[in-house]
There are 2 protein chains.
Amino acid sequence: MITRNKRSAKPEKHAARERLLIAALDIFTEKGYASTSVREIVEAARVTKPMLYYYFGNKEGIYMELMREPFKVLEKILVETAHEELSSRERVMQMYNRIFLLFLKNLKAARLMYSIYYGPPQGAPFIDFESYHLKIKEVTELIVKDGIRSGELRAVNADTLTWVLIGALNFVFEEQLCHRSPMIDKKGLAGMLDLIFDGVASIKSKRKR
Amino acid sequence: MITRNKRSAKPEKHAARERLLIAALDIFTEKGYASTSVREIVEAARVTKPMLYYYFGNKEGIYMELMREPFKVLEKILVETAHEELSSRERVMQMYNRIFLLFLKNLKAARLMYSIYYGPPQGAPFIDFESYHLKIKEVTELIVKDGIRSGELRAVNADTLTWVLIGALNFVFEEQLCHRSPMIDKKGLAGMLDLIFDGVASIKSKRKR
């Protein structure tokens, strides 16, 4: 079997639209949104400018398209997990695991989101990143309250437990964005959640386990 | 008593050096490091360019000075907390409370740090922000291991517990940087840490409390 340079071989396999998305994400992440020009994107994607205008309208359009996909999947995960027939612990574990895998799959887009959210004004069209964060919080809190109501969890403060859980998820996200090699994988996240849930499990539910 | 406009009155009270620091932090945070010029800083501080060069050398110098102070205090907190004669729980609670207050006191500088760390390349001189994060992790882990050794805490995985604790601290930091009003104050942080420590307390230490 011949080992090929995947990085350089990959763009060949993609259609122009896909190549544009990949090139834009690469350059936005490396140079920042503001400093990236349409010319650079089309050159890296080896297509013509009208091709970019045809598919995305302009630089804003290609950025919005890059952001749209991961959040669509996130919404799906949130809706599905809210309706699972599992214990609260299992629902949070499963939801966070899926969100973490989504994050890993879109690491470069995540880096771009952080850059836009925390970085200096770059003229990128507004996306309400916080509303997605709040949705994860809302669903987590619903599940936590279910667990307290059913007696699976001790009667702790639901807000506080929700914050601790989201803090763990948030932390593994950012650990992945570090400039050195990340130390926490999905098993590490599961370990953190287990530790938190072990601490808040009711005696009744501990007996069951 | 006359209510004065504190924002506009404040700079008058400060010496030129102090006024330069305040102006630089304001403009770096609003416009980003790269887009800020020495001219804008000196105009906002109402001093002459040579004054900035005299105190700080250049734009890099004023940035480094802005970053130096909070990290000096952080180091002090870490050294002091590592040697306290308290339970592990109390040491972490005290250390994180002090770090959180330091963060709140330097909220604008923190915003600038996040912007430099996560934002696009802005040409700011390199500061190893991660090394400070790792120091907090190290000290937390030492304290956690003490607690496990002494029997105060259950024999949980020290790494995992350390991550959960830092995740909580990290989360309250970022909640403060949100674009809406933050919901978690120092009491909220203490509640999160209490919930985590209640969960990992040994039966022996629970009896003592």
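# A conversation about a two-chain model

Colleague: Before we begin, what kind of model is this?
Modeller: This is a predicted model.

Colleague: What is the secondary structure of chain A?
Modeller: Chain A has 11 helices and zero strands. Read from the N terminus, its elements run α-α-α-α-α-α-α-α-α-α-α.

Colleague: And what box do the C-alpha atoms of chain A fill?
Modeller: Along the principal axes, the box is roughly 65 × 45 × 30 Å. Of the 209 residues in chain A, 34% are buried. Among contacts in chain A between residues at least 6 apart in sequence, 66% join residues at least 24 apart.

Colleague: How is chain A divided into domains?
Modeller: Domain 1 of chain A covers 12-57, and domain 2 covers 67-208. The C-alpha centres of these two domains lie 31 Å apart.

Colleague: How many residues of the two domains are in contact?
Modeller: Six residues of domain 1 of chain A are in contact with nine residues of domain 2 of chain A. The side of domain 1 that touches domain 2 has four nonpolar, two polar and no charged residues.

Colleague: How many residues does the contact take from each chain?
Modeller: The contact takes 32 residues from chain B and 33 residues from chain A. On the side of chain B that touches chain A, the elements giving two or more residues are helix 7 (107-118), helix 9 (158-176) and helix 10 (186-200) of chain B.

Colleague: Which of them gives the largest share?
Modeller: Helix 9 of chain B gives the largest share of that side, with nine residues. By class, the side of chain B that touches chain A has 17 nonpolar, 11 polar and four charged residues.

Colleague: What about the largest nonpolar core; which residues there touch the most other members?
Modeller: That core has 56 residues, and those touching the most other members are A:Val164, A:Ala168, A:Ile196, B:Val164, B:Ala168 and B:Ile196. Helix 6 (88-105), helix 8 (129-150), helix 9 (158-176) and helix 10 (186-200) of chain A, together with helix 6, helix 8, helix 9 and helix 10 of chain B, each supply at least two residues of this core. In soluble globular proteins, nonpolar side chains tend to be buried together.

Colleague: Take A:Ala168. What is it in contact with?
Modeller: Leaving aside neighbours within four places in sequence, A:Ala168 is in contact with A:Leu189, A:Met192, A:Leu193, A:Ile196, B:Val164 and B:Gly167.

Colleague: Is B:Leu161 buried or exposed?
Modeller: B:Leu161 lies in helix 9 of chain B. B:Leu161 counts as buried because it has 29 C-beta neighbours inside 10 Å, and the cut-off for a buried residue is 20 or more.

Colleague: What does B:Leu161 touch?
Modeller: Not counting residues up to four places away in sequence, B:Leu161 touches A:Leu195, B:Val144, B:Val156 and B:Val200. The C-alpha atoms of B:Leu161 and B:Asn58 are separated by 43 Å, and these two residues are 103 residues apart along the chain.

Colleague: Now a loop. Where does A:Arg46 lie?
Modeller: A:Arg46 lies in the loop between helix 3 (38-45) and helix 4 (49-56) of chain A. A:Arg46 has a positive phi of about 50° although it is not a glycine. Most residues other than glycine have a negative phi. With 13 other C-beta atoms within 10 Å, A:Arg46 is partly exposed.

Colleague: And what is phi in B:Arg46?
Modeller: Phi of B:Arg46 is near 50°, a positive value. B:Arg46 is found in the loop between helix 3 and helix 4 of chain B.

Key: Residues are numbered from 1 along each chain as its sequence is written. Chains are lettered from A and ligands numbered from 1 in the order in which they are written. This is a predicted model: local features need pLDDT of at least 70, side-chain atom pairs count only at pLDDT 80 or more; totals for chains, interfaces and linings use all residues. Domain bounds come from an automatic or database domain assignment. Two residues are in contact if their C-beta atoms, placed from the backbone, lie within 7 Å. Ala, Val, Leu, Ile, Met, Phe, Trp, Tyr, Cys and Pro count as nonpolar, Asp, Glu, Lys and Arg as charged, and the others, Gly among them, as polar. Helices (H or I, at least four residues) and strands (E, at least two) are DSSP runs, numbered from the N terminus. A nonpolar core is a set of buried Ala, Val, Leu, Ile, Met, Phe, Trp, Tyr and Cys residues joined through C-beta atoms within 7 Å. A residue is buried if 20 or more other C-beta atoms lie within 10 Å of its own, exposed if 12 or fewer, and partly exposed in between; C-beta atoms are placed from the backbone.
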